[in-house]
Structures are given as C-alpha cells and as structure tokens.
Amino acid sequence: MTRAFLVVMDSVGIGGAPDAGAFFNDGVPDTGADTLGHIAAACAAGRAEEGRSGPLQVPTLAALGLFHAHALATGAAMPETPARGRWGAATEVSKGKDTPSGHWELAGLPVPWEWTYFPDRTPAFPPDLIAKTCRIAGTEGTLANCHGSGTVMLDRFGAEHIRTGWPICYTSADSVFQIAAHEEHFGLDRLLQLCETLAPTLHAMKVGRVIARPFVGREGAFQRTTNRRDYAIKPPKPILTNWAQDAGRRVYGVGKIGDIFSMTGIDTVRKGGDATLMGHLSDLIDEAEEGSLTFANFVEFDSLYGHRRDVSGYARALEWFDAALARVLPKLRDGDLLLITADHGNDPTWTGTDHTRERVPVLLHGAGSGPLGQVAFADVAASVAVHLNLPAQGPGGSFL
C-alpha cells in the first residue's frame, strides 16, 4: 500500500486559461494574467528586489517541471533542460476563480451551481443580512459593507471598530462574506460564534464562505492572526477525501483544508502559518500511515502577497517554499506520491486585488518523469485515487 500527499500552492497560477476574458479585476479582463511568468519576469528585470535579489530561484520546483508546465499553459518556449518529475497544466471548468471552486474541482467535484456574488458598490450587502448580523453580534451597526482587501479594511476601519465595537463586514470578487474583528476588543470566540451562526443563512444564498478574520494590534499597526476560520458550504457530493475515508484510509488536512471542505472526509487537521505547515507536512511524511491521504494548502502566497500585489514578497515566498520542499522530498518513501498544484492564480503584477483566472501546474514526484499534457482539475482527484487504489466517483480521468 502507498501514500499520497496532495499539496496546493494557493494561487500559483501559470497563465493561459482559455476563458480568462470572462473574469475581471476592476473591470479589466484577466486575459494575459500569468502569476508565475510575470513574477519571474519581474525578478529577471530587477523589479522584485525587496528582501531578495536577482532572477527567481526555484530549482526544486523547476526540476519537477514547473516551467515546463508554464510553457505548456502559455505557449512559451519550453525549457531546454528536461524535468526529472512528471508535469502538466490543469484547466478549471467551474465558473469561479475562488478557493472553494478550485479545491472542490481538484478533489473531483466541479461546482454544480452558480455562486452568489455581492455587487461592487457601497452598500454591498442586503439590509436584512446586515440587520441579522447586528442582532447576532449585539451591535447597533456594522462597518465597511463594501468590497475591499482585508488589510485595507483594517487600515480604514480598525480604529473605528475598536471605538464602536461594530464588526467590519466586507467582500471581494469571490463568493464570500468576511467579518473582521479585534481578538481582544471584540473577542475571538465571539467573532467565531457570529460567523458560525450566520453561515447557514449565507450558504442558503449560495455564498460559498463566511470567513472570520481576527486581528490584533493598535491603529497603524493592525495585523491579522492565524486564527482565521472559514465556514464553507459542504460539498453536495462525495469528494476525494470521502473516497479515501470511506475506504478506511486516514485523511489528514494541513492548513485551511478542513475549513474549505467543512471537514468532509477529513480525520484530523493541522494548522498554522506556512512555515508551521511545512513542519506539519514534514512530520506527516515521517508519520502518516500506509494508504493515507494528506491534503495540504499553503495559503500565504495568496493571502500575504497576491492580493496585496507584492511581487517581491510573492517571489520570496516561492523561493522559501522551494528550499523547504528540497528538504522534505528526500524523506518520501518508495511508493509515495507527492502531487503539487494550485487552485487559481493571483498575479501580483495585475490590476485590482482579486484572483486571476489561470491554468495551474500539476507536478508529480514519485511517478516517473515526462509530460502529462493538458489535464483537467478533476483529473487530479482521479489520479490520486488510482495511486491509492480507491474507487473514483468524479468526472476526472487518471493521468497516471
């Protein structure tokens, strides 16, 4: 029996989505967005020099085929040096460029409905939703009620939140209702309870997630904490984690995987910032049982650098991940499969602050070398199922 490690580099897109023109940032279509390619180009041109310098250095991912996958996705020239891993480019069919859409489809379930999105205006939310939020929170009002980046929301409304006690409610181009509150002044447990109580109302509206965004600090120095919690719609059909769990296999979630899937088919979750999560992944490579599935998400590419359009920070994160990956790969056992992919793009050179519609890399260690070609997101779940000898129930086909 073998093990599988499915690792999502959140938002590390590779350009080339055929339907990018139907998705927008600040009214500009995502046509031409290319997270990896534009970061690499900025590094090579000396435009990503904060905390790092020179061309993008990701030799471990490159050896697995990252730039080969990028060339396949975009039509760029293929690297001359052959990749030692197996590589391909995956295309999404779900009508969203958000976290649940990407992860559900990677787990074998394209989203079977249209998500509800809130309009990009102020106020963004219907009055009855705000009234219900106030009743549950025990406040006379809320703040923000608009589209915005989380860090910008803290800068604009954090001090007023502390003065009034009103929760900061905002959204984005994703199907989300986000509530930010100070862990000390408002209370972390109170924030989590508010979001959990509101979630069924939002889910009935086909809003994908209610997200608790706790923060700490004082005016001018507010910081979000790792106590974020996503209250997501439960997938309506069995997914990869269910296939594994129903077959008696142990399923580990690393990072926000448990939140994304509402713990569907997941036995245990290990959380923390990305550095902590890499430690968890390393430990599970040492400890996880034969036949088990580990499903990990590394979110900080997206949350700290993509949305903030921080090219240098994104490049640093890629280089950190690459170096850490080089340390864990030798620990894998014979027969293990490590599959690295992404859920969408978030090009830090692009206009706006939202995700970008892109293809994503599919990189395999432990399955030989060579091209996989163009594949579907759902093929990832089917391939992991084949590796673990599980009955696949989704629309994907295995590329193993």
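Reader: Which residues does His355 touch, not counting residues up to four places away in sequence?

Author: In this predicted model, His355 touches Asn25, Asp30, Lys97, Asp98, Thr99, Asp174, Asp302, His307, His344, Gly345 and Asn346. Each of these counts as a contact because heavy atoms lie within 4.5 Å.

Reader: What makes His355 count as buried?

Author: The term buried requires a relative accessible area under 20%. His355 has 2% relative accessibility, and therefore counts as buried. His355 is placed in the loop between strand 14 (337-341) and strand 15 (360-365).

Reader: Why is Asp302 called buried?

Author: The cut-off is again under 20%. Asp302 has a relative accessible area of 5%, so Asp302 is buried. Asp302 belongs to helix 11 (residues 300-306). Leaving aside neighbours within four places in sequence, the contacts of Asp302 are Asp10, Ser11, His307, His344, Asn346 and His355.

Reader: Which residues does UniProt list for "binding site"?

Author: The UniProt record, an unreviewed entry, lists Asp302, His307 and His355 under that heading.

Reader: How do you know that these residues cluster in space?

Author: They are spread over 54 residues of sequence, yet the largest C-alpha distance is 8.4 Å.

Reader: What makes Phe125 and Phe177 an aromatic pair, and why is the pair called edge-to-face?

Author: Two values are needed, because a pair of aromatic rings is described by the distance of the centres and the angle of the planes. Ring centres must lie within 6.5 Å, and planes over 60 degrees apart count as edge-to-face. For Phe125 and Phe177 the centres are 4.7 Å apart and the angle between the planes is 75 degrees. The two rings therefore form a pair, and the pair is edge-to-face. The whole structure holds 12 aromatic pairs.

Reader: Why can the pair of Phe125 and Phe177 be said to tie parts together?

Author: Phe125 lies in the loop between helix 4 (99-106) and helix 5 (127-137), while Phe177 lies in strand 7 (residues 176-182), so the pair joins parts that are 52 residues apart in sequence. Both residues are buried.

Reader: Which residues form one aromatic cluster?

Author: Phe298, Phe301, Tyr314, Trp320 and Phe321 form one such cluster.

Reader: What makes the charged end of Arg190 sit over the ring of Phe186?

Author: The distance limit is within 6 Å of the ring centre, and the charge must also be within 35 degrees of the ring normal. The charged end of Arg190 is 3.9 Å from the centre of the Phe186 ring and is found to sit over it. Lys206 likewise lies over the face of Trp113, at 4.9 Å from the ring centre.

Terms used:
Residues numbered from 1 in each chain as written. Predicted model: local features only at pLDDT ≥ 70, side-chain atom pairs only at ≥ 80, totals over all residues. Heavy atoms only, no water. UniProt positions renumbered as here; feature names shortened; annotations may be inferred. Helix = DSSP H or I, 4+ residues; strand = E, 2+ residues; numbered from the N terminus. Buried < 20%, exposed > 50% of the residue type's maximum accessible area, 1.4 Å probe, protein only. Phe/Tyr/Trp six-rings, centres within 6.5 Å; stacked < 30°, edge-to-face > 60°.
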